[in-house]
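Welcome, and thanks for taking a look. Have the structure open beside you, and we will walk through it topic by topic.

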Amino acid sequence: MKKLFLLSALFIAGLTMSANAQVVKDHAIGLRFGGGNGFGTEVSYQHGLSNLNRLEFDLGLISHSDYTAWGLTGIYQWVWPLGDGFNWYVGPGVKVGSWDYKNSYTGSGSSGFYLAAAGNVGIEYAWPFGLQLGLDMRPELGLVNHGDNFDFNLGLGVRYQF
């Protein structure tokens with residue numbers, strides 16, 4: 001058992017030591033699972049601006065029998081290294097979107113546009129072969145037609161960096 005533990009620790013240490021020293025790659029694309037306001041999964045894209053700054057854009061779509069909506073979140077992030085491959089990040093942003101609701105029983109409905117201020121704080125690990133896993137919190141403060149004035153959600157990001 002001790003040998004298996006030691007071998008696992010050495011393997012993880014080897015992966016960690018071989019991690020790329022660059023904090024932010026030029027691009028990353030993938031999915032963000034979690035989300036808020038009914039958006040369970042978002043398509044996520046990160047664009048590196050410098051070695052320690054980036055933009056993140058997340059597009060969520062949802063469709064049910066009575067409800068359809070989309071939301072686009074844009075966040076500016078500052079990224080700080082914690083160690084080999086580990087980073088933490090924080091930043092402000094905005095979310096815009098639209099919804100359309102129609103009650104199938106009564107025929108009544110509503111639709112509209114919404115706007116929210118958003119923030120983001122999280123931690124991530126990037127492997128040398130490009131896989132990036134991140135866990136973040138994204139509070140949103142509704143400004144226009146947001147429904148809830150305050151929304152808080154957790155997300156798990158799985159992206160490929162290139």
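Predicted model: local features only at pLDDT ≥ 70, side-chain atom pairs only at ≥ 80, totals over all residues.

**The barrel**

- The barrel is closed by 8 strands, which follow the order β1-β2-β3-β4-β5-β6-β7-β8 with antiparallel pairing.
- From one strand to the next, the twist averages 25 degrees.
- Strands of a sheet pair through backbone hydrogen bonds, either parallel or antiparallel.
- On one side, β8 (residues 150-161) runs antiparallel to strand β1 (residues 27-34), and 7 bridges join the two.
- Across that pairing, F33 stands opposite L156 in β8.
- β8 also runs antiparallel to β7, with 11 bridges between them, and here G134 stands opposite G157 in β8.
- Strand β7 (residues 131-144) is in turn joined to β6 by 10 bridges, again antiparallel.
- In that pairing, G122 is the residue opposite D136 in β7.

- Is R159 buried or exposed? R159 is buried, because its relative accessible area is 2%, under the 20% cut-off.
- The side chain of R159 makes a polar contact of 2.8 Å with the side chain of S44.
- A second polar contact, of 3.1 Å, links the side chains of R159 and E56.
- Beyond its neighbours within four places in sequence, R159 is in contact with residues including A28, I29, G30 and R32, as well as G130, L131 and Q132.

**Q132, in β7**

- Q132 sits in strand β7 and is buried, with a relative accessible area of 0%.
- How far apart are Q132 and V158 in sequence and in space? They are 26 residues apart in sequence, yet 5.9 Å apart in space from C-alpha to C-alpha.
- The side chain of Q132 reaches the side chain of Q46 through a polar contact of 3.4 Å.
- Not counting residues up to four places away in sequence, Q132 touches several others, among them A28, R54, E124, Y125, G157 and R159.

**Aromatic rings**

- The model has 6 aromatic pairs.
- One of them is F86 with Y125, a tilted pair with 4.6 Å between the centres and 55 degrees between the planes.
- F86 lies in strand β5 (residues 86-102) and Y125 in strand β6 (residues 109-126), so this pair ties together parts that are 39 residues apart in sequence.
- Which residues form one aromatic cluster? F86, Y125, W127 and F129 do.
- Another ring has a charged neighbour: R54 lies over the face of Y89, 4.9 Å from the ring centre.

Notes: Residues numbered from 1 in each chain as written. Heavy atoms only, no water. Phe/Tyr/Trp six-rings, centres within 6.5 Å; stacked < 30°, edge-to-face > 60°. Helix = DSSP H or I, 4+ residues; strand = E, 2+ residues; numbered from the N terminus. Lys NZ or Arg CZ within 6 Å of the ring centre and 35° of its normal. Pairing = 2+ DSSP bridges. Axes fitted to C-alpha atoms, helices over the stretch in contact; angles between N-to-C directions. Buried < 20%, exposed > 50% of the residue type's maximum accessible area, 1.4 Å probe, protein only. Polar contact = N/O pair within 3.5 Å; in protein donor to acceptor, adjacent residues only side chain to side chain. Contact = heavy atoms within 4.5 Å.
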